[in-house]
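I opened this model to look up a few local features and note them down.

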Amino acid sequence: MLFIGAELQESHVKSWLRTCAKQKPLKQQLKTPQSLQKEEMHQIHEEHHLDPLSEGWFYSGSQYVSLMGEKQLKHPNLDSFVEQYLQSSNQEIKESNTEIDSVDYHDLFQQIA
């Protein structure tokens, strides 16, 4: 391929052409409870806020109340719901990362043997 122009530099042209090719996607990091966004936590809670409660708890319509008088705004089993979400999300991430590893991405200007 031949490029003609004023003050063209090979490294700049190659760099520009590399951006035109399909780039290797970045692998995603696995999620942890600390890495969850507020929106994700809110979504998990919304999906499960009416799920059955542990013995000794009831939902007043605005708060979760235990028979011992403890009140809270979040479902008492929220931690287990978060754990289920993390397992499901991380499985999808692992599958995606495995797929990224299985595809060969080559530099446009690399000599292929």
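The model is predicted, so I took local features only at pLDDT of at least 70 and side-chain atom pairs only at pLDDT 80 or more, while totals for chains, interfaces and linings use all residues. Residues are numbered from 1 along each chain as its sequence is written, and side-chain values use heavy atoms, with hydrogens and water left out.

**Sheet.** I found three strands in an open sheet, ordered β1-β2-β3, with antiparallel pairing. The edge strands, β1 (57–59) and β3 (71–72), each pair on one side only. Strand β2 (residues 64–66) pairs with β1 over three bridges, and Y59 stands opposite Y64 in β2. Strands are DSSP runs (E, at least two residues) and helices likewise (H or I, at least four), numbered from the N terminus; two strands pair if DSSP finds at least two bridges between them.

**Salt bridge.** I searched the whole structure and got three salt bridges, each being a side-chain nitrogen of Lys or Arg within 4 Å of a carboxyl oxygen of Asp or Glu. In one of them, K14 and E10 have their closest N and O atoms 3.0 Å apart. These residues are four apart in helix α1, so about one helical turn separates them.

**Helix α1.** I noted that this helix covers residues 10–18 and includes W16.

**Pocket lining.** I listed the residues lining the largest pocket, among them R18, K22, D104, Y105 and H106. A pocket is an open set of points on a 1 Å grid over the protein atoms alone, where a 1.4 Å probe fits, with protein on both sides within 12 Å along at least five of seven lines; lining residues have an atom within 4 Å of a point.
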